[in-house]
Amino acid sequence: MDDNEDLDYVEEDYYATLNLPRNATQEEISKAYRNLSRIFHPDKHGNGENKQKAELMFNRTKKAYEVLSDPHQRAIYDSLGVKGLETEGWEIVHRTKTPNEIREEYERLAQDREERRLQQKTNPRGNISVHINATDFFSRYDDEYYDTGLLPSIEVSGMSMSQSIEAPLSRTEIATLSGSLHLQNGVGSGNFLLSGKRLINKGWFEVDCGAGNGPVLGAKGSRNLTSRIFLTGGTTFHFRPNAIIPGLTGTSAIQLDKNTVGYLTYNAGLQNSMSTVVERNTEKYHCNLTISLGIPHCYIAAAYTRKLLEQGLKLRAALKGGTFGFLSECGAEKKVSKYSSVSATVCVGVPSGVMLKIKIIRSTQTYLFPIHLSEEIIPAAIFYATVTPLLTYFVLKKMLFDPMNEASKQKNIEKVKETNSARMAEKRREAESAIALMGALFERIRKDELKCEGLIIVSALYGKFSDIENASLEEADDMGFVQQNPLVIDVRIPLQCLVKDSQLTLYSSSKSELPGFYDPCFGEEKQLKIDYEFRNNSYSSLFADTDSVRLPVVTNEPSHAPKSKRSRFRNMNYVENLLIYARNLSPFYIFSMVISLSVVLLTAYLGFTGCTATLDHDERSEEQQNSSSNIKSAGRKKTATHNVNDMTDRSDDSAEDCSNDSEQELESEDEVNRKLHIESLGQLKSAKLKSLEKSLTEEQRQAEKEIERAQLAAIFELLKKQADSSNINEEDLKEQLSLYR
């Protein structure tokens, strides 16, 4: 059965208050504190009611920052929580509490200190072992002279009990009183022992005296030789009616490594033996190997225990063989509460047969029940010894332990609610104040996310859901009337305010300590259900209270929003650019942009018409000049012809070459004149465009730039597709884009 701890103290989670992981750095702590200070600083909220709410939230944030930013206070808080900062002589942290809460907490702490003091003074330890003989179940003894009956007989063949208490006499001296009682097959024995231990430098020394089957005197001691080696030894004297039997024992131990220890032990007296033990103990497993040589028994034993700490389970297997026979063990130990555990072990050996050992550990008390099932190795006995404890545990857990735990838990929860009603009401007021102060930040973040089609929190519910699929803030009662669901709260605004760069990150701690949250159902299992939109797609996610949250959860999609408009245009096609751009513009801006665009087009049309007319006029004048120059050149040619007739010694080939050279010179002159004319037209057009640009307003110029960017983005996408199909490299692609510019 679970031990429900007293939960009458509702602690604050400073890491959740700042939305930080447990391993947050000092830089992350300072950054989170600055972000929350911008929201809750009283100077940002005037002098009205909002300022009082801001002071409440700012003091809570500042308190969390002061603890986590101080390495000493943070170490105490991580180990002991808020209690460690307020009690046991550590630094006091200011808390706002009612007088009843202060008085109740003082009484509880005083009672806890008194119980710890009593436990330290007495340190009681006890063991009870009951030996049960159930061999009649599997191998009945038939006697013709004795009626065994219909049912097999079960008898208690032996019992042993031991108890010890300690009494500290001083800081270095301890007195211990212990006693034991043994019964076996109708024969009993008992003894008691009084010992005094004194702590000395690098060890201890102990003197024992007692009585049982005669008086007993003894002395023991231990000393550390080095940091890795220590010795323990002792001697005892058993006084019998006819003799004094001495005993001697000694142990030498050495630390082989961090997790391994080796022991060498020698015993002389009633039993003579020498044994060696190598033991290794880690967080995941424990194993040991023992070799013993003695009279009358010699044996070798090995044991391995696997620790499953998360499940509170230990699995153990052991083998032992020697002159007395062979024994194998297999068992499991389950932790059922903070101070209690149950174990079951099946032992199979020769000549011991089959035995089931049930052990119950409650704090420092141990109860052992060895049940002897058969004197021989019988498969049925092994099967029932393995299956019966498991079935018994699950049946008792479902029918007895769980209902008792649930009833005890509910009772404790009601007690906590009653004790901390004022504190829980204060937490609710803090959450409502935080939501009221987050209004402006919520609108700004939501507007920014809408612009970039980022993370939009549509709905967020926190609490206990009766129907997860149809979770809502309202529920129907037994009469069918719809009413407010007290176990669920709306946290859409706080979560949207935690969105940064289209991402939401919550760390693995209770969400009830986040700004704008509170616990609507203390002690119950809570969940967080979030419906959100990302990139115009709708999603829904469900998380446990202590789960880490990272949104958005989208496959094959980048999880962060583009940082600038230019990067958004590059990642979308031309039509999407125009739609996003038009959606982000105000109506007045769109109207002014349309007018500006019309003026630009009209001016461009008029300028183009004027340029065409000028070009026609220039072409006609150029033709006239060419015709006159042709006439003059023809006259010069005639004169030259008469002169050439007088020079008969020149060849026809040289005459043809000269005529070709003259024609090339004329064509080159025409080409130069044409280029000069085109340059003059370009200068005229640029002058007209500059004059038009001066007449545009700043908003019109901005609109022109945005349109140009959209066009360049579309051209870039087309060029990129062409480049992919024709294997054009990136440099050629940039050169073509510069030509379009």
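These legends walk through an overview and several close-ups of one predicted model. Residues are numbered from 1 along each chain as its sequence is written, and side-chain values use heavy atoms, with hydrogens and water left out. As the model is predicted, local features need pLDDT of at least 70 and side-chain atom pairs count only at pLDDT 80 or more, while totals for chains, interfaces and linings use all residues.

**Overview: the protein chain has 16 helices and 25 strands.** Helices (H or I, at least four residues) and strands (E, at least two) are DSSP runs, numbered from the N terminus. Of the 741 residues, 29% are buried; that label means under 20% relative accessible area, with exposed over 50% and partly exposed in between (1.4 Å probe, protein chains only).

**Close-up 1: R60 and E430 meet in a salt bridge.** The N to O distance here is 3.4 Å; the rule asks for a side-chain nitrogen of Lys or Arg within 4 Å of a carboxyl oxygen of Asp or Glu. R60 sits in helix α3 (residues 49–69) and E430 in helix α8 (residues 421–437), so the pair ties together parts that are 370 residues apart in sequence. Both residues are buried. R60 and E430 also belong to a salt-bridge network with K427 and E513.

**Close-up 2: a salt bridge joins D257 and R280.** Their side chains come to 3.2 Å, N to O. D257 is in the loop between β8 (244–255) and β9 (260–268), and R280 is in strand β10 (residues 272–281), so the link spans parts 23 residues apart in sequence. D257 is partly exposed at 33% relative accessible area, and R280 is partly exposed too, at 26%.

**Close-up 3: Y462 and F517 form an edge-to-face aromatic pair.** Rings of Phe, Tyr and Trp (its six-membered ring) pair if their centres lie within 6.5 Å; planes under 30 degrees apart are stacked, over 60 edge-to-face and the rest tilted. Here the rings are 5.5 Å centre to centre, with 70 degrees between the planes. Y462 lies in strand β18 (residues 455–463) and F517 in the loop between β22 (504–506) and β23 (527–534), so parts 55 residues apart in sequence are tied together. Both residues are buried.

**Close-up 4: K197 puts its charged end over the ring of W204.** The distance to the ring centre is 4.7 Å; to count, NZ of Lys or CZ of Arg must be within 6 Å of the ring centre and within 35 degrees of the ring normal. K320 lies over the face of Y299, at 4.5 Å from the ring centre.
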